[in-house]
Amino acid sequence: MRRGAQRGVAVVTAILVVAVAASTAAYMLSTQSATLNQTALVASRAQADLYAQAGLDWARGVLAEDARASATDTLAEGWAQPLVGLPVERAVVSGAIADLQSRYNLNNVVKDGRRSDADVQILTRLLESLGLDASLAVAVLDWVDADADLAGNGGAEDAYYLSLPRPHRAANRPMVQVEELYAVRGFDAKAVAKLRPFVTALPARAPVNANTASPEVLAAILPQLSRDEVRALADSRRARPFKDRADLKTRAAKAAPSTVDNDLDVKSDHFLVQVGVAQDDVQVATEALVARAAPGATPATAIIWRRPLY
Ligand SMILES: [Ca+2]
Ligand SMILES: [Ca+2]
């Protein structure tokens with residue numbers, strides 16, 4: 001009986017030892033494979049970063065080549081066609097180039113250090129056409145202009161921004177990223193979401209490319225034209241892109257020639273390049289603002305900023 005009990009305990013102990021040994025082994029195996037996975041992940045990530053960089057360089061090359069090939073920029077050109085899922089070794093690379101001058105440059109509201117009334121009016125019309133408060137244009141102007149004087153109703157400078165629950169200052173310089181709008185007086189997430197597809201923040205004064213702009217943006221710039229006339233003008237681009245400003249003036253005969261000269265163009269110098277890379281379990285996406293120099297200049301393109309997309 002006693003001997004039997006001892007045997008029983010021995011068996012239980014043996015089972016326990018085996019179980020502990022097994023679980024320790026399993027644990028060791030799992031940590032080891034986690035380490036292996038981690039190493040593979042870091043390697044994949046580094047490789048994906050390299051592909052993203054290569055994708056960016058490729059896009060810059062495409063834009064430089066396009067500048068040599070044509071004096072206009074239209075959505076029918078090669079650069080405007082997205083690159084969807086190109087297999088490169090173990091990775092899949094996607095990319096897209098968007099013309100940022102198809103949008104209205106918010107920084108245009110200040111010209112040569114001073115308020116540009118014509119541009120504030122363009123922004124006001126754009127806001128109104130989107131169902132947004134027109135006074136937001138004044139808030140943008142105060143945000144961008146160097147002074148601390150209120151530009152008008154709805155304007156805001158440091159005194160307003162410093163009184164907020166999360167105080168900050170007015171930028172008082174050109175916007176670097178269009179997301180700065182979230183910090184500007186009167187803009188909530190909904191207003192930013194509405195306006196954002198139509199505006200951009202470029203480092204230099206930039207006219208809107210009439211060959212790529214949306215009818216909404218064209219209408220804001222060309223108030224002399226009716227909605228239908230703007231749409232017809234935009235539709236006509238598909239068969240016949242605008243060759244130059246003279247062509248634009250002829251085909252938008254009601255437009256003020258000075259508006260065409262100051263606020264419109266038929267080409268672009270600023271592009272948003274987005275590159276995505278998927279390799280194994282790693283996904284890398286990056287976007288960059290690429291500025292194109294005048295034809296013949298070196299370097300042909302420059303990266304103004306670059307940031308991870310996720
Ligand atoms: Ca072109
Ligand atoms: Ca200001």
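1. D145 is buried, with a relative accessible area of 8%. Buried means under 20% relative accessible area, exposed means over 50%, and partly exposed lies in between (1.4 Å probe, protein chains only). This is a predicted model, where local features need pLDDT of at least 70 and side-chain atom pairs count only at pLDDT 80 or more, while totals for chains, interfaces and linings use all residues. Residues are numbered from 1 along each chain as its sequence is written, chains are lettered from A and ligands numbered from 1 in the order in which they are written, and side-chain values use heavy atoms, with hydrogens and water left out.

2. D145 and N172 link distant parts of the chain, 27 residues apart. D145 is in the loop between α3 (136–144) and α4 (158–161). N172 is in the loop between α4 and α5 (189–195).

3. Now the overall fold. The protein has nine helices and 11 strands. These are DSSP runs, numbered from the N terminus: helices are H or I, at least four residues, and strands are E, at least two. Of the 310 residues, 40% are buried.

4. The structure holds three aromatic pairs. Rings of Phe, Tyr and Trp (its six-membered ring) pair if their centres lie within 6.5 Å; planes under 30 degrees apart count as stacked, over 60 as edge-to-face and the rest as tilted. W79 and F271 form an edge-to-face pair, 5.1 Å centre to centre, with 70° between the planes. W79 lies in the loop between α1 (2–69) and β1 (83–88), and F271 in strand β9 (residues 270–279), 192 residues apart. Both W79 and F271 are buried.

5. Y160 and Y161 form another edge-to-face pair, 5.1 Å centre to centre, with 80° between the planes. Which of the two is buried? Y161 is, at a relative accessible area of 0%. Y160 is partly exposed, at 28%. W143, Y160 and Y161 form one aromatic cluster.

6. The charged end of R185 sits over the ring of Y160, 4.6 Å from its centre. The rule is NZ of Lys or CZ of Arg within 6 Å of the ring centre and within 35 degrees of the ring normal.
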